[in-house]
Amino acid sequence: MASPEEDDTVGNIVETLADDMHRVFSKLDGRFPCIGGTNNRKNEEFALPVNLEEELSSLEDTIMKWEGSGFRVAVEGSNWSEELEQVYSYLRAVDDIQSLVDGLSQLPDDVKDLTVLQRLENIHHQAMDCLEEEFRALLEKHSNAVDPDCVFDSASGPSFNSSCDERAFRNLADDEKEEDVPVAQPVGDLNFTIDSLPSEIVNLLSEIAVRMVRAGYSTECCQVFCMIRKMFLEESVIRLGFEKMSIEEVQRIQWELLEIEISKWMQTLKVAVNVFTSSERILCDRVFVDLPSVSESCFGELARGVMIQFFNFGEAVAISRRSPEKLFKILDMYETLWDLIPKINSIFSGEVCSALRSEASAVWLRLGEAARGTFSELENAIQGDLAKNPVPGGAIHPLTRYVMNYMRLACDYRDTLEQVFKQDGGAGMNGVSASALDHSDVLEFRNATNRTDLSPLSMKTIAIMNLLDSNLNAKSKLYKDPALSYVFLMNNGRYIVQKVKDSELHSLLGDAWVRQHSSNVRQYHKSYQRVAWGKVLSCLRDEGIHVGGNFSSGVSKPVLKERFKNFNALFEELQKTQSTWIVADDQLQTELRISVAEMVIPAYRQFLGRFQYYLENDRHPERYIKYGPEENCLLRQAKLQCANAYLFNELW
């Protein structure tokens with residue numbers, strides 16, 4: 001039994017039939033032609049047959065003969081042509097009954113034979129019941145869900161059962177594992193349709209449909225067609241791997257599992273739009289070939305259920321709790337729907353489907369809004385990362401790795417993100433981004449690059465990099481040793497610059513930004529040298545060694561001994577302390593080693609050359625002079641281990 005909602009839908013369908021029926025009836029004289037045949041009767045004034053009783057009996061026999069056995073026996077028989085002729089013999093009988101009913105109904109009441117009319121209407125009702133059952137049976141027989149293998153064999157594409165994106169997934173916190181990244185296997189070309197029903201069955205369904213509509217059974221015809229074909233679509237979609245989920249279920253599911261469902265959603269939606277609904281549109285037009293408004297309404301109703309499932313899922317994801325790791329899946333959904341909207345607008349082009357077209361656009365916009373909000377969560381995450389303990393050894397902070405890999409991956413979606421932020425009309429520059437975006441940074445960027453039209457994504461990127469810089473500066477203050485804080489800033493600054501130079505981030509931030517941050521890294525390097533080695537070098541100054549402060553006078557041996565002792569103590573302390581400091585970048589290791597060697601070794605060699613003579617004749621001079629120029633120990637031992645090695649382990 002039809003639900004009230006179905007009755008309302010079908011009622012709306014019936015209201016659109018007037019034009020279609022006028023078109024159909026203008027071609028007919030009261031009978032419907034058989035497939036491939038022509039109607040030889042001319043329109044003429046209705047007159048009861050002379051042998052009315054005989055004809056009524058013949059019509060009753062024909063109708064009763066088919067009741068119980070039905071068309072299924074005929075169309076599934078071994079001799080199709082002979083059996084099919086019997087089917088159309090039945091349809092001609094239905095036409096005759098319809099003509100008699102129409103003719104008698106139009107006669108004046110004083111000449112109308114109500115007994116005959118009642119008898120005809122009973123026969124007519126039986127015939128329509130039989131046609132409805134045959135219509136249902138034929139549809140059910142040939143509406144088996146589509147085998148996914150058939151779809152993807154036709155698409156000539158790789159395996160569908162992949163939960164990966166079309167972009168390689170990257171571990172945002174660890175870029176040492178990129179060789180293990182799974183590569184997406186997208187669906188192949190989906191520009192094809194499927195014939196789920198044989199042509200002869202479609203033609204027969206069309207013949208039945210036009211008779212049911214003419215007889216006033218359009219409601220029953222449309223209900224049967226929509227119900228069965230809707231089930232066909234839903235089951236076909238389920239077989240592709242996507243099952244209906246409520247908004248509550250989407251909200252509760254773990255993100256790792258939801259990622260898999262999103263991948264299924266994207267792949268299945270492509271098939272549903274490009275293959276299933278396209279094919280169903282063609283089928284509706286063929287079954288209701290002379291009834292375009294019925295075709296439009298039936299298609300809109302049967303396809304709506306499946307499409308709404310997809311749209312509800314998309315909306316549920318869009319309104320779910322936002323966190324940075326969700327951005328790229330949301331952008332995948334955004335791109336998928338955007339690519340399909342032209343096809344959706346084409347397939348669901350009628351007025352009946354206007355709400356469906358609007359819903360597709362609305363979900364797309366909501367996904368864009370979700371992407372903007374999720375992108376902003378990265379800013380919140382950076383600001384909220386308030387670690388109380390420093391990273392051991394001044395190494396690259398996990399936050400730095402995460403943010404830079406995140407932004408590099410975001411560049412793979414650059415065009416999409418630009419579109420997403422432009423949709424916002426610049427409103428997204430308010431709030432956190434606006435507070436992080438120093439106006440002077442924008443002016444400097446524009447002046448250095450001769451650009452006055454910074455894109456929203458460029459402004460967002462500048463804001464995020466400013467937040468990261470501020471966060472790292474704050475974290476550097478957690479180190480008690482100022483020299484180690486500069487090593488930390490060097491490590492992270494060098495990592496950031498390299499990631500920018502090797503990606504699309506360079507074009508977003510510009511050469512001026514790269515030069516400025518490279519200069520910052522060099523300044524951290526100089527500051528490290530000054531803070532870490534300043535005290536060591538102060539031991540190698542001449543001031544205070546000569547008696548009376550006069551360079552021409554003698555040397556104070558106690559002072560000289562104290563200088564050598566202090567140098568050795570400070571040198572050994574640095575060796576011990578800095579042996580656990582980390583520099584991951586090979587080039588930065590080399591630069592540090594060379595710069596320290598160039599700063600310390602010449603100063604030590606000169607100091608030793610001037611004052612070694614005064615201690616050589618003392619007892620145990622090795623207590624003071626541990627490193628001799630002939631051994632060149634400082635330079636000989638100045639080597640670094642591979643990446644992630646301790647900075648000063650074996651350096652001295």
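**Close-up views of a predicted model**

View 1. At 1.5 Å a residue, the 21 residues of α19 should span 30 Å, and the end C-alpha atoms of α19 are 30 Å apart, so the two values agree. The model shown here and in every view below is predicted. Helix α19 covers residues 456–476. Of its 21 residues, 18 are buried, so α19 is largely enclosed by the rest of the structure. Ser-458 belongs to this helix. Its relative accessibility is 0%; buried means under 20%, so Ser-458 counts as buried. The side chain of Ser-458 has a polar atom 3.4 Å from the backbone oxygen of Leu-508.

**View 2. His-506 in helix α21.** Helix α21 takes in residues 505–509, and His-506 is found there. This histidine has 23% relative accessibility and counts as partly exposed. Arg-408 is 98 residues away along the chain.

**View 3. Helix α15, mostly covered.** Helix α15 is made of residues 398–411. At 1.5 Å a residue, its 14 residues should span 20 Å; the end C-alpha atoms of α15 are 20 Å apart, which agrees. Eleven of the 14 residues are buried. Among them are Leu-399, Val-403, Met-404, Met-407 and Leu-409. The buried set also includes Arg-401, Asn-405 and Tyr-406. Cys-411 is buried too.

**View 4. Phe-421 in helix α16.** Helix α16 runs over residues 414–423 and holds Phe-421. With a relative accessibility of 3%, Phe-421 counts as buried. Arg-372 is 49 residues from Phe-421 in sequence. C-alpha to C-alpha, Phe-421 and Arg-372 are 6.8 Å apart.

**View 5. Helices α11 and α12 side by side.** Helix α11 (residues 255–287) and helix α12 (residues 292–318) have axes that come within 11 Å. The axes cross at roughly 170°. Angles over 145 degrees count as roughly antiparallel, so α11 is roughly antiparallel to α12. By class, 14 nonpolar residues take part in the contact of α11 with α12. Four polar and five charged residues complete the count.

**View 6. Asn-312 on helix α12.** Asn-312 lies in helix α12. Its relative accessible area is 32%, so Asn-312 is partly exposed. Lys-244 is 68 residues away along the chain. The C-alpha atoms of Asn-312 and Lys-244 are separated by 9.1 Å.

View 7. Helix α24 spans residues 586–611. At 1.5 Å a residue, its 26 residues should span 38 Å; the end C-alpha atoms of α24 are 37 Å apart, which agrees. Asp-585 caps the N-terminal end of α24. A side-chain oxygen of Asp-585 lies 3.2 Å from the backbone nitrogen of Gln-587. Further along, α24 bends by about 25° at Ala-597. Ala-597 is itself one of the buried residues of α24. Others that are buried include Leu-588, Leu-592, Val-596, Val-600 and Ile-601. Tyr-604, Phe-607, Leu-608 and Phe-611 are buried as well.

Notes:
Residues are numbered from 1 along each chain as its sequence is written. This is a predicted model: local features need pLDDT of at least 70, side-chain atom pairs count only at pLDDT 80 or more; totals for chains, interfaces and linings use all residues. Side-chain values use heavy atoms; hydrogens and water are left out. Axes are lines fitted to C-alpha atoms, for helices over the stretch in contact, and angles run from 0 to 180 degrees between N-to-C directions. Helices (H or I, at least four residues) and strands (E, at least two) are DSSP runs, numbered from the N terminus. Angles under 35 degrees count as roughly parallel, over 145 as roughly antiparallel, 65 to 115 as roughly perpendicular and the rest as oblique. Ala, Val, Leu, Ile, Met, Phe, Trp, Tyr, Cys and Pro count as nonpolar, Asp, Glu, Lys and Arg as charged, and the others, Gly among them, as polar. Buried means under 20% relative accessible area, exposed over 50%, partly exposed in between (1.4 Å probe, protein chains only). The expected span of a helix is 1.5 Å times one less than its number of residues. The bend at a residue is the angle between axes fitted to the seven residues ending there and the seven starting there. A polar contact is a pair of N or O atoms within 3.5 Å; within protein, one must be able to donate a hydrogen and the other to accept it, and residues adjacent in sequence count only if both atoms are side-chain atoms.
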